[in-house]
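Hi,

Here is the structure I said I would pass on.

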Amino acid sequence: MKKQIALVVGHEPGGGAEGERAYNLIVQKSLKEMLEAEGFDVFAYVHELKSYGARQAAMAAAVNKAQPQNLICVELHYNDVDAEPANGHQFHYNACRGLAVAFASEWQKTFPSSRARQDRGTLHTPTGDGAGFLRKSPGLAVLVEPFFHSNKIEWMFFRNKQKEVAEAYGRAIIQFTKKL
Ligand SMILES: [Zn+2]
């Protein structure tokens, strides 16, 4: 049986950082194609609801329906803060640190100049922002914050790299699922 992976674009229409949803729709498409070519069953999902709790519940129901054996759920984001100096990558997890480590390690290999934020680019997130997604996901879950849109240097570097970004995530998923 094909391994089931769900790719979720963060935020409802109009939500998130400037350009974030549009950027990640491209990443989602590219990553879906890559993983399908590797033999995965890929479910692409976009949020529609404004209420955070309701939209994560809707996501979980949709993933369960499409993929009863869902293995991994990824929610696609990028970071944004008021203070421009913030930079670097971080992969949030709750139950499965190994998956976040796979993402952080593949990311660092692909983009050596990217700075790992605390914990070598992984962050245990049992509560607070993003925790609802991580808790509700039917499969092992990771929420990606690969760079800061608010950091001009990072944004100039990553703004047209949706394909390279998707490929880094794809290699992380392929590596990780080989060990399962
Ligand atoms: Zn976001």
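Predicted model: local features only at pLDDT ≥ 70, side-chain atom pairs only at ≥ 80, totals over all residues.

The strands β3 and β6 run parallel to each other and are joined over five bridges.

Zooming out from there, the sheet is an open one of six strands, ordered β2-β1-β3-β6-β4-β5, with mixed pairing. At its edges are β2 (41-46) and β5, each of which pairs on one side only. On average, neighbouring strands are turned by 25° against each other, ignoring direction.

α3 covers residues 97-110, which makes 14 residues, and spans 20 Å from its first C-alpha to its last, close to the 20 Å expected at 1.5 Å a residue. It lies across β3, β4, β5 and β6, and its direction is at about 165° to β4. Which residues of α3 are buried? They are L99, A100, A102, F103, A104, E106 and W107. As for what they pack against, the buried residues of α3 meet the strands β3 (70-76), β4 (90-93), β5 (122-124) and β6 (140-145), plus the helices α4 (118-121) and α7 (162-178).

The largest nonpolar core has 44 residues, and I5, V74, L99, F103, V142 and Y169 have the most contacts inside it. The element that gives the most to this core is α7, with seven residues.

For the chain as a whole, I get seven helices and six strands, in the sequence pattern β-α-β-α-β-β-α-α-β-α-β-α-α. Its radius of gyration is 15 Å, close to the 16 Å that the globule rule gives for 180 residues, so the chain is as compact as a globular protein of that length. Along the principal axes, the C-alpha atoms fill a box of roughly 45 × 35 × 30 Å. Buried residues make up 44% of the 180. Of the contacts with a separation of 6 or more, 78% are between residues 24 or more positions apart.

Cheers

Methods. Residues numbered from 1 in each chain as written. Helix = DSSP H or I, 4+ residues; strand = E, 2+ residues; numbered from the N terminus. Expected span 1.5 Å × (residues − 1). Buried ≥ 20, exposed ≤ 12 C-beta atoms within 10 Å, placed from the backbone. Contact = placed C-beta atoms within 7 Å. Pairing = 2+ DSSP bridges. Axes fitted to C-alpha atoms, helices over the stretch in contact; angles between N-to-C directions. Rg over C-alpha atoms; globule rule 2.2 N^0.38 Å. Core = buried A, V, L, I, M, F, W, Y, C linked by C-beta atoms within 7 Å.
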